[in-house]
Amino acid sequence: MNELPQQLANGLALGALYGLIAIGYTMVYGIVQLINFAHGEIFMIGGFGALTTYLALPSGTSLMVVIPLMIIGGAIASVAVATAAERFAYRPLRGAPRLAPLITAIGLSIVLQQLVWGFYPDAKKPRSFPEFQGESFKIFDNLYLQRADAFILVLAPLCMLALGMFVAKSRSGRAMQATAQDPDTAKLMGINTDRIIVMAFAIGAAFAAIAAVAYGLDKGQINFEMGFLLGLKAFTAAVLGGIGNIYGAMVGGVVLGLAEALSIAYIEEIPGMQQLGGGAWANVWAFVLLIVVLLVRPQGLLGERVADRA
């Protein structure tokens, strides 16, 4: 039990990362009812955009100066790819049966992954990423917080709250709500729904880029495959929290992160469960948790039960 505070901190940081990526899934689905399975690769491209920015800067530049520039560079790359995908891959299929854009998203995910693998220099192996220097923050005697964890724990809630206020208070945010509720009526009210949908893709992509920078700072490397599993877990977090709900995406991410951290630490200590514990089983227990929650509450933790739109 002495390790519990540390495991909770680890789980919160991991969950904040999942939640930040999950917001992209939940925004796009909330507005156009599309599961954008290429979002994991948008996250990956944000990481490589940030790395490209870092490599272009003079050697020895302070990390406090580098990180904001890396976030901007990663966001530009992610947003450019996400908006291009919306314009050329998803928009032509907007009136098609739902299976068509879903298959397109899966295909686009594979295409983006292979493009980075084939054309980014030395992307066939993990690329080194800058890391925070210095010791961890000591909170209590048995609780240390890595600098990268502190970074994501501060940034993720700020991003979520800023987006929540933007959607609730701004003119564009209210247009998003109207488009999500009824896009045809929103058009009749003078709302440019195409612009609103592009904005949703762009915001989700920018958040994914921030998450990619946080991931790289924590792991010290990125690779072209990193978006697949993290994207799948972020989608799981969005469903767990209630897809279409911004705050639900973050709550689902935190629940998922805590479940992973605690399962790694404690399940193998339970008598008879040694073979089902450790890091190799963390992904399994995360999806078991999803199944259990959805059996009890199919709309997710913060989701509302609504009728499907025709």
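This is a predicted model: local features need pLDDT of at least 70, side-chain atom pairs count only at pLDDT 80 or more; totals for chains, interfaces and linings use all residues.
Colleague: How are two packed helices described?

Modeller: By the angle between their axes and the distance between the axes. Axes are lines fitted to C-alpha atoms, for helices over the stretch in contact, with angles from 0 to 180 degrees between N-to-C directions. Helices are DSSP runs (H or I, at least four residues), numbered from the N terminus. Here the axes of α2 (residues 39-56) and α8 (residues 193-219) come within 7 Å and cross at roughly 60 degrees. That makes α2 oblique to α8; angles under 35 degrees count as roughly parallel, over 145 as roughly antiparallel, 65 to 115 as roughly perpendicular and the rest as oblique.

Colleague: Which residues of α2 and α8 make the contact?

Modeller: Contact means heavy atoms within 4.5 Å. On α2, His39, Ile42, Phe43, Gly46, Gly47 and Ala50 take part, and on α8 the residues include Gly204, Ala205, Ala208 and Tyr215. The contact of α2 with α8 has 10 nonpolar, 4 polar and no charged residues. Ala, Val, Leu, Ile, Met, Phe, Trp, Tyr, Cys and Pro count as nonpolar, Asp, Glu, Lys and Arg as charged, and the others, Gly among them, as polar.

Colleague: How many aromatic pairs are there?

Modeller: Rings of Phe, Tyr and Trp (its six-membered ring) pair if their centres lie within 6.5 Å; planes under 30 degrees apart are stacked, over 60 edge-to-face and the rest tilted. The count is 7 aromatic pairs. One of them, Phe43 with Tyr215, is edge-to-face, at 6.0 Å centre to centre and 75 degrees between the planes. This pair links α2 to α8 across 172 residues of chain.

Colleague: At what angle do α6 and α8 cross?

Modeller: The axes of α6 (residues 171-181) and α8 cross at roughly 105 degrees and come within 10 Å. The two helices are therefore roughly perpendicular.

Colleague: At what angle do α5 and α10 pack?

Modeller: Helix α5 (residues 147-169) and helix α10 (residues 246-266) pack at about 160 degrees, with axes 9 Å apart. That makes α5 roughly antiparallel to α10. Their contact has 9 nonpolar, 1 polar and no charged residues.

Conventions:
Residues are numbered from 1 along each chain as its sequence is written. Side-chain values use heavy atoms; hydrogens and water are left out.
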